[in-house]
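Subject: Handing over the structure

Hello,

Here is the structure I promised to pass on to you. Please open it alongside this email, and I will walk you through what turned up.

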Amino acid sequence: MISFQNVSVRYPLGNVALEDATFEIEDNEFVYLVGPSGAGKTTILRLILHDLIPTEGVVTIDDIEFSSKKFNKVAELRQKIGVVFQDFKILADDSVFENIAISMEIKGYPENEIRKQVEEALSLTGISNKKMLFPAQLSAGELQRVAIARAIVGNRKIILADEPTGNLDPKTAWDIMNIFKKLGKSKTILFATHNTDIVNSMRRRVLVLKDGRITKDNKKGGYKQ
Amino acid sequence: MNTILTSLRRTPYQTFAALSVLFFTLLLSGGIFVTLTFLQGLLHYVETRPRVIVYFQVKTLEEDIFAIRDKVEATNKATEITYISQDEAYKIYKEFTENDPLLLEMTSPDILPASLEIDAVKPEYLPEIAELVSGMPGVDEVQYQKDIINNLLNLTSTIRKTASFFFAYLMFMSIIVLTTTLSFKIALKRDEIQVLKLLGATNNYIRAPFVNESVTLGIIAAVAANAILIGTMLTLNAVLTSFFAGIPELTIFINSIALQVWPFNLAFILFTLGVTAIFSLFITLISSYAATNRYL
């Protein structure tokens, strides 16, 4: 379970990225983070990833508090989390297969297990025929599929998706959403987006953010601007 | 291994710079190390053979010489005393000058002095024995290795001090060059490192390819430097054989373990290889850790 208790992030010049956020996300829950740019969606994801330290409040995963600067098991924490970035962040010198496999190599999986899980992820994301290609040979949609495959292999319990359809055309965006649908209830997913059509395509819990505050927590799903 | 070689191939100039510096550092360090082991071996050889040589005036009677020998024996400070008569001295001289008949023609047994070679129980007795015999009748000159030992000690000490400074400088220079070279490579992969960190890679996982790469460079440099060193040793073998004529072997002791330095042998060559490899490993590990730490 992910838990935020009165979490705030303020920058030294007074900018507020997140203000007094309190919420809990159960295991295997799918949650949309919705709001305009600068609302605090990415801040929440970065806090979970320990890429940002809150100025106030406590963030925990499975009752382990890691919101302090002294937290020294960052790598261990991040190994539980798969991340899908808007700008993909795919390693340019590695093939599709290697890009996905690295997510498991980091965790020390044996080679045969890596091969098995990577093949499954390639199949799920529909890019089995591209596994030997390099990033420069792929389209944006294919790169995002690689990023999703990388996030789901290696038994990562939590998937953080930061505007994963933001750079994609509508058709590809829907294809990507279908992959997330296929992931079903096997993982905890936080999906940050400002695309209301995508949010309404799946009836899942929605956390609405505005100016760093959580303005609505719609557990039944659906969102109207 | 393929990944390492590909990475080295992709940055040929940086690889060449790092390899050159490492190679010269290891070659020079190896050369100094071999020189020092030889000097140490020579010093040990001389130190373990404390000997006083007493030369007599040419007309000294054998009875007088034997009387001196008996007096020295009575002190119990000598292990062995060898008498070299004028005829024996001429015989030895003939052996040394067999390739130069002119020198032999100019010499006769009459002009060569008889001598006593006194092997002392320990080096500390050398001055006492020398002092005892020097005032005795018929004694022309007394020689012992005090000067040789002092000279060797001074030389070894000077070379050791210079070598320490040199080692430190070479090591510092190599670490700086290697760290800078690796830093360039790491800077190019800064985004990649950031992604790996977000995926949960540990610092050691991120560091490993850079450490492996620099250690590979170190191994290549150590092998090349040792190939040159061994080649040089074998080339100089004939010169050293004539230089060390009469010395059957030179040995050094490392924590009471004997290592034969001369004549060249496999154990000594492997030891030199090991020392340069460890030195190279030290440089490459420090450099790769210093370079990667800036980005972790």
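Predicted model: local features only at pLDDT ≥ 70, side-chain atom pairs only at ≥ 80, totals over all residues.

Two strands are counted as a pair if DSSP finds at least two bridges between them.

**A sheet in chain B**

Here 4 strands of chain B make an open sheet, in the order β2-β3-β1-β4, with antiparallel pairing. The edge positions belong to β2 (78-84) and β4 (139-144) of chain B; each has a single partner strand, so one side of each is left without a neighbour in the sheet. On average, neighbouring strands in this sheet are turned by 15 degrees against each other, direction ignored.

Helix α3 (residues 62-74) of chain B touches β1 (51-56), β2 and β3 of chain B, and its direction makes about 170 degrees with that of β2(B). Helix α6 (residues 126-134) of chain B touches β1, β2, β3 and β4 of chain B, and its direction makes about 175 degrees with that of β4(B).

**A pair of helices in chain B**

Next, have a look at helix α2 (residues 12-47) and helix α9 (residues 203-235) of chain B, whose axes come within 8 Å and cross at roughly 45 degrees. α2(B) and α9(B) are therefore oblique to each other, and their crossing is right-handed. Among the residues making the contact are L22(B), L26(B) and G30(B) of α2(B), and A221(B), A225(B) and I228(B) of α9(B).

**A sheet in chain A**

Chain A has an open sheet of 4 strands too, in the order β2-β1-β4-β5, and the pairing is antiparallel. Its edge strands are β2 (16-25) and β5 (64-65) of chain A, each of which pairs on one side only. Helix α1 (residues 41-48) of chain A packs on this sheet and touches β1, β2 and β4 (56-61) of chain A; its direction makes about 65 degrees with that of β2(A). Strand β1 (residues 2-10) of chain A runs antiparallel to β2(A), with 6 bridges joining them. In that pairing, R10(A) stands opposite V16(A) in β2(A).

**An enclosed strand**

How many residues of strand β3 (residues 30-34) of chain A are buried? The count is 5 of the 5, so β3(A) is largely enclosed by the rest of the structure. Both of its faces are covered, with F30(A), Y32(A) and V34(A) buried on one side and V31(A) and L33(A) buried on the other. β3(A) runs parallel to strand β8 (residues 188-193) of chain A, joined by 5 bridges, and Y32(A) stands opposite F191(A) in β8(A). β3(A) also pairs in the parallel sense with strand β9 (residues 205-210) of chain A, over 4 bridges, and there V31(A) stands opposite R205(A).

**Nonpolar cores**

The largest nonpolar core has 68 residues, and L33(A), A147(A) and F191(A) are among those with the most contacts inside it. Helix α5 (residues 140-152) of chain A gives the most to this core, with 7 residues. A second, separate core has 20 residues, including L26(B) and A225(B).

Enjoy exploring it!

Best wishes

Key:
Residues numbered from 1 in each chain as written. Chains lettered and ligands numbered in written order. Helix = DSSP H or I, 4+ residues; strand = E, 2+ residues; numbered from the N terminus. Contact = placed C-beta atoms within 7 Å. Axes fitted to C-alpha atoms, helices over the stretch in contact; angles between N-to-C directions. Buried ≥ 20, exposed ≤ 12 C-beta atoms within 10 Å, placed from the backbone. Core = buried A, V, L, I, M, F, W, Y, C linked by C-beta atoms within 7 Å. Parallel < 35°, antiparallel > 145°, perpendicular 65-115°, else oblique. Left-handed = near helix turned anticlockwise from the far one by under 90°.
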